[in-house]
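Hello,

Here is the model for your files. Please look it over, then read my notes below.

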Amino acid sequence: MHPIISALKHHKTTVVLVALEIALTCAIVTNALFLIGDRVAAIRAPTGVSDNELVWAQTSGLDLGQGGKAGDDTAADMAALQGMPGVESVVTTSGLPLSGDMFSRSVYRRSGDKGSSLDNVVEYMGSPGMLRTLGIKVSEGRDFLPKEHVDYDPFKKGQLPPTVAIITRTLAEELWPGQDPLGKTFWQDSNGKDALQVVGVVDHLLNPQINNAQGIDRSFILPVAMVRGGLYVLRVKPGARGAVKRDLPEVLTRIDPLRMVTEDHIYSDTVSDFYHGDRAMIWVLVVVTSCLLALTALGVVGLSSFWVQQRTRQIGIRRAIGATRRDILRYFQFENLLIVTAGIVIGSLGAVGLNLWLMQRYELAHMPLAWLATGAVVLWLLGQLAVLGPALRAARVPPVVATRSV
Amino acid sequence: MFGYYLDLAWRSLKRTPILTGLMVLAIGLGIGASMTMLTVLHVMTDDPMPGRSAQLYVPHLNPLPLKGNFFANGYDPSDHLTWPDAMALLKAHRARRQAALAAGYLLVRPAAADLRTFYVSGRYTTVDFFAMFGVPFEHGSSWNEAEDSANAHVVVLADSLARKLFGDTDAIGKMVRLGENDFRVVGITTDWHPSPLFYADERAKRYADRDLFFLPLSTAVDLNLNTDGSVDSWGKMPNGDMRSATTAWLQFWVQLDGPTQAAAYKRFLIDYSAEQKSLGRFQRPATDATLYSLMGWLAHENLVPGDVRLQMWLALGFLLVCMVNVLALLLAKFLRRSGEISVRRALGARRRDIFVQFGIESAVIGVAGGVLGVLISELGLWSVRHRPDDYAHIARMDASMLLTTLALAVFASTMAGLLPAWRACRVVPALQLKTL
């Protein structure tokens, strides 16, 4: 090992440059891999509903925003939609995971106590059969009973809200950390006067939008008789989705020719559209990371070849005084290992620094140290792979070279 | 000598085609990636009103109470004005021109039987809007001052909407039904859409949206027409009353000639805030009031998504690695030619000559890398244009960015060549010649 280090001292600049390149690559690639992992995890997070069996639509009457008559046709609409071929069930909801618009409010752990509030909790509302139609799985407790669905619109005065709710695991943990939420009560409304008893808990249900204030999946579901101006969600056999989406606007306009169908989507497309930015980002990161690794590898190949050529005589001499081919091969491999390791050590520090800088500017999470290890392994392999060709060429140098004067 | 060095560089590069190709590829990829993202950033932060932007300002007041969480939706509600504040600023008339505005979204019910109803986006605003932003009219003109405050049912249409509704006939004076009301068309603008749509609020897709109608703000409030922007209320629930003093929803722009007027206007805003504070309406310090220039406002609004910035940093980091890569390869390549350098030195070449010779060789790589970089960034921009984001369609390279690309490539490769060229010219000729 000692002779390798002293030999390296003769090429300080080049060695430093290679180590620097490895370090930069390591810092960037590690963070890029972390970002890719983060985005992939986000995309793969379960929505909590049956992605591949839903079609949804939204309509607007002519008086949207002015009279509040929108949705007067709801019952007729639902009957018509239910009659479409391929449709198993229909419900109205206030929203679907990742569908866009959402409504959030404060909830309270104690009645009327503003100090006990939890702000920006997403409220889902659904008509009877919502959980079954959407495919939401209750992991603890039960589904709503038919009689629990009441006439309720949070924007109208004088209506008594439902008294039971199903909440997500995340909300349960924030309301009552470490406790069994079933049967517990929380309060809503602007004064925290309306009590809601938890009858069920769902593990997964993403919000209609994901942002910092409302979080990812902190919500509760209220049983209502009908959501006016909400979404029609249709449970459809996967093969019939295209046809249902195609015929849906016509079925709805037949009931009220003056209104417009503002949204009509196959739900899996909604999910896929929601993540388009993440997919673009993953794609960019993968391309840049691959280019970076390829370029670094090619750079190492170029420099190693140069060194082998430069040291042909020394290799010859070593071979002449007894070094085997394997010794020469090992020499170059070990030399590469040393330089790459130096680069990785500096690069890991750089990666942590870069991660901290990105965290400040872009609200990223802390990079788990496992990613550093991944980056290190990738670069070690890459370095060894890159040096193999030149090192094999070095090993083939015949001892007789030593006796030739150039 | 330049021609001779160019010839030497060409010969030297030809001798090691793989290494040369690798260096050109490295510069090309680094430059291509960087210029793709820099171009996207360039078009996104471009001046939407060249020639006018220096005169346009946004007054910013802060009527929010001291306590409360107002940033839940990711923006500052005080970026918008309340109705009383906007009206006070309009009436004070301290700027050359001033306009209050809000986004509108209305249902159009065409008279023509073959057209179905559809929604259009537009703007509710006050009369100075058109002169202040220089909106070009094709026919007619804006509504007048009297109509502005008299809740008149008048509308200005964009050319494309007028054509859709009335065909090629003159639409001036015709009636159009928007929502539940009839409006008389007084003017047709040419299709005018600054990019970004700087005066729209954060709810808008500011690189894609355009306004197809304009109607008086007073009329919109009087008829309680649908607004399509952020509406934030605090204090007692105002129940949809857009004139409420605790509901922020209006954008406000003023035209000021020069920094003296701007300073005076800012003072006016502070005085106004102090007055409101003494009346008990404002709670925050009067000095919170401020005035943004147009470009300052766009920076404050932070139009560029985090992902785009992140991708730009990634591309620049990539370029840095590419440069280090080229640097190391050039160093190896130049030092391998120690013999050649020594012969030239022995024949009388000065260190400076050697330095220039190798400098030119790196610049040649830069030019080749730059050409490749332009191709790669065109490819990159093409892929950006295929993203479904609202800014995608404007991602195009202009002449200035093209020149920047080439310049950056030559600069990068020359920078990468500096150290190797310096090392090359420090080669001691005697030592090398001995071994020859």
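A residue is called buried when its relative accessible area is under 20%, exposed when over 50%, and partly exposed in between, with a 1.4 Å probe and protein chains only. This is a predicted model, so local features need pLDDT of at least 70 and side-chain atom pairs count only at pLDDT 80 or more, while totals for chains, interfaces and linings use all residues. Residues are numbered from 1 along each chain as its sequence is written, chains are lettered from A and ligands numbered from 1 in the order in which they are written, and side-chain values use heavy atoms, with hydrogens and water left out.

**Salt bridges**

A salt bridge here is a side-chain nitrogen of Lys or Arg within 4 Å of a carboxyl oxygen of Asp or Glu. Over all chains, the structure holds 26 of them.

In chain A, Arg142(A) pairs with Glu148(A) at 2.8 Å, N to O. Glu148(A) is buried, at 12% relative accessible area. Arg142(A) is partly exposed, at 32%.

In chain B, Asp353(B) bridges to Arg350(B), with the closest N and O atoms 3.3 Å apart. Asp353(B) is buried at 16%, and Arg350(B) is partly exposed at 45%.

Asp257(B) and Arg96(B) also form a salt bridge, at 2.9 Å, N to O. Asp257(B) sits in the loop between β11 (247–255) and α8 of chain B, and Arg96(B) in the loop between α3 (83–92) and β3 (97–108), so the pair ties together parts 161 residues apart in sequence. Helices (H or I, at least four residues) and strands (E, at least two) are DSSP runs, numbered from the N terminus. Asp257(B) is partly exposed at 30%. Arg96(B) is partly exposed too, at 42%.

Gln261(B) lies in helix α8 (residues 258–278) of chain B. Gln261(B) and Arg96(B) are 165 residues apart in sequence and 9.3 Å apart in space, C-alpha to C-alpha. Gln261(B) is partly exposed, at 31%.

**Between the chains**

The contact (heavy atoms within 4.5 Å) takes 47 residues from chain A and 41 from chain B. Buried area is the accessible area (1.4 Å probe) that two parts lose on being put together, summed over both. For chain A and chain B it is about 3900 Å², with 69% from carbon and sulfur atoms.

The rule finds one salt bridge across this interface. Arg39(A) meets Asp307(B) there, at 2.9 Å, N to O. Arg39(A), Asp278(A) and Asp307(B) are linked in a network of salt bridges.

On the side of chain A that touches chain B, two or more residues each come from α2 (12–44), α8 (276–310) and α10 (325–362) of chain A. The largest share, 18 residues, comes from α8(A).

**Domains**

The bounds come from an automatic or database domain assignment. Chain A has domain 1 (2–44 + 276–403) and domain 2 (95–226). Their C-alpha centres lie 52 Å apart. Chain B has domain 1 (2–45 + 305–435) and domain 2 (53–301). There the C-alpha centres are separated by 49 Å.

In chain B, six residues of domain 1 are in contact with seven of domain 2. The two domains bury about 510 Å² between them, 56% of it on carbon and sulfur atoms. In domain 1, Met44(B), Asp390(B) and Ile394(B) lose the most area, together 70% of what that side buries.

Best wishes
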